[in-house]
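Let us walk through this structure together.

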Amino acid sequence: MRFASSIFQNKSFLVPEGISIIENGTYYPISHFAVFEPQPIDHSYIPSHELLTFLNGRHLLIDEIPFPLEQLHDHYMNGYLQIEAGIQLISSKHTCLRCGNSEAFGFYPCARCKCSNCRYCRKCIKMGRVSSCSPLYFSPASSLTYPPTLLNWNGELSHGQNKASDQVKLAIQKNERLLVWAVCGSGKTEVLFKGLEQAIYENKTICIATPRTDVVLELLPRLRKAFPTIAISGLYGGSDDPLSPFIISTTHQLIRYKDCFDVMIIDEVDAFPYEYDPSLQYAVDKARKNNGALVYLTATPSRKILKQVKDNALPYVRIPVRYHGYPLPAPKFTWVGNWRKHIRKGKLPSVLLKWIEQQFHEKKPVMLFVPSIKLAERIHSLFEEVQVDCETVHSEDADRVEKVMRFRNRNYRLLLTTTILERGVTIENVSIGVLGAEADIFTESSLVQIAGRAGRSEKYPEGEVALFHYGKTNDMLLAFRHIKSMNVEADNRGWLKGKGVYGVKK
Ligand SMILES: [Zn+2]
Ligand SMILES: [Zn+2]
């Protein structure tokens with residue numbers, strides 16, 4: 001390979017032939033140039049984590065590096081990798097810098113440097129030819145690989161987050177398993193930051209897996225913002241990010257991996273379809289290295305996971321309080337009689353209508369959860385009859401994201417939905433209703449998640465959660481107790497603001 005040297009802003013550097021930024025440059029084999037200083041690191045440049053991990057500690061010929069020349073040159077120019085001539089004069093002896101040989105050389109007509117007798121090392125020829133015109137690429141110390149601070153986040157962790165954050169970091173360092181049981185709105189993503197930073201410094205491969213594409217799309221920008229110098233790839237059906245050692249992926253996509261990740265974090269571990277699909281659990285297990293760390297994140301652990309906790313088989317840390325310190329809104333139960341019969345007759349339960357009017361009066365938008373898509377559509381038309389502006393969002397709805405955005409922007413006040421929106425949605429000052437809370441689909445964890453949509457913002461922490469039912473179920477009562485016990489735990493630890501309100505009764 002031939003290079004030209006150039007000077008720009010008092011920096012002298014090498015440019016490989018084939019990169020057309022030097023006009024009329026004169027190119028020579030790399031050994032033509034005297035020893036040159038590496039370029040200083042430019043911390044504003046975002047290097048490829050994938051490239052750096054590949055090259056870290058290695059000493060390679062260009063043919064051994066599966067990255068384009070342009071990209072290598074960019075990293076060289078910004079100080080993230082170095083180049084040296086493979087054969088150099090050391091104590092006036094030609095020496096191969098790869099194997100140290102200074103005796104056995106051969107000569108050949110070389111197409112790369114267009115020299116009729118290019119010198120090459122015969123000692124290490126079996127591992128690919130090092131010749132006078134071969135640059136060796138390297139990215140030596142790990143201090144060179146990463147800036148001293150990776151994490152770009154200045155927020156403050158709550159008491160609960162702080163404790164969990166320490167435990168996550170420890171689990172990642174020691175390659176252990178951990179359940180982070182964090183209430184809805186506790187800020188569980190921030191709890192990962194310190195542990196992730198540690199993992200990156202240790203050159204560990206990381207996967208944050210979640211059953212839902214929506215969550216991948218929500219997490220990607222937040223983590224890229226938190227780690228601006230690290231390449232993070234998003235993997236979901238239809239994504240085309242290049243692979244990197246830090247991915248955020250749907251559990252589906254992990255089928256393509258085996259023994260890959262040192263750190264596996266499963267967000268929303270109890271969410272559909274992961275919880276019900278053994279092949280996804282198999283894929284996640286297969287993708288993780290055998291001795292890798294495994295962190296589960298959820299507000300509502302499944303019975304299976306809780307059993308492991310109970311048997312002391314899974315260490316856990318609980319965050320019983322939201323990041324803003326106010327208690328979780330506990331659901332209120334309202335009996336509405338045989339509401340299905342009413343709907344069939346074309347009438348909405350009057351208690352429900354009155355409650356919705358009250359919320360609108362208080363300038364609160366309403367999310368109303370119903371048991372099925374079919375019911376949502378039927379109820380939608382009944383609301384239109386009484387001139388309530390509303391939209392319906394369900395799992396087969398292509399305009400889901402746009403409709404939720406319009407709701408968030410207050411373009412309409414009533415959002416009808418199924419359990420599809422039980423997670424991941426944050427709407428300021430929203431009131432939450434469930435019609436038919438006794439339906440089988442509204443399990444304890446589903447109701448806890450749904451209630452978790454209310455009171456999420458610090459500005460309006462007192463959310464309203466109303467369960468309209470035709471007979472209380474065990475799951476409804478369990479959900480109520482679940483929420484209440486978290487509030488009591490937070491209160492006992494002294495982490496709660498607004499003592500004795502909504503849900504906490506001693
Ligand atoms: Zn050559
Ligand atoms: Zn050699």
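The protein chain is assigned domain 1 (2–145), domain 2 (159–319) and domain 3 (332–492). These bounds come from an automatic or database domain assignment. This is a predicted model, in which local features need pLDDT of at least 70, side-chain atom pairs count only at pLDDT 80 or more, and totals for chains, interfaces and linings use all residues. Residues are numbered from 1 along each chain as its sequence is written, while chains are lettered from A and ligands numbered from 1 in the order in which they are written.

Look at domain 2 and domain 3. Their centres, taken over C-alpha atoms, are 29 Å apart. Where they touch, 11 residues of domain 2 are in contact with eight residues of domain 3. Contact here requires C-beta atoms, placed from the backbone, within 7 Å. The domain 2 side of this meeting has five nonpolar, two polar and four charged residues. Nonpolar covers Ala, Val, Leu, Ile, Met, Phe, Trp, Tyr, Cys and Pro; charged covers Asp, Glu, Lys and Arg; the others, Gly among them, are polar.

Now turn to the strands. Strands are DSSP runs (E, at least two residues), numbered from the N terminus. Two of them pair if DSSP finds at least two bridges between them. An open sheet of three strands runs in the order S4-S10-S5, with antiparallel pairing. Strand S4 (59–61) and strand S5 (82–85) are at the edges; each has a single partner strand, so one side of each lacks a neighbour in the sheet. On average, neighbouring strands of this sheet are turned by 35 degrees against each other, direction ignored. The axes behind such angles are lines fitted to C-alpha atoms.

S5 is joined to strand S10 (residues 135–138) by four bridges. Ile-83 has Tyr-137 of S10 as its bridge partner.

A hairpin comes next. Strand S6 (residues 87–90) pairs with strand S7 (residues 93–96) over four bridges, in the antiparallel sense. Ile-87 is bridged to Cys-96 in S7. Two residues lie between the strands of this hairpin, and Ser-91 in the turn has a positive phi of about 45 degrees.

Finally, find Thr-392 in strand S20 (residues 390–393). Is Thr-392 buried or exposed? Thr-392 counts as buried because it has 21 C-beta neighbours inside 10 Å. The cut-off for buried is 20 or more other C-beta atoms within 10 Å, with C-beta atoms placed from the backbone. Beyond its neighbours within four places in sequence, Thr-392 is in contact with Ala-376, Glu-377, His-380, Leu-416 and Thr-417.

Key: Contact = placed C-beta atoms within 7 Å. Axes fitted to C-alpha atoms, helices over the stretch in contact; angles between N-to-C directions. Buried ≥ 20, exposed ≤ 12 C-beta atoms within 10 Å, placed from the backbone.
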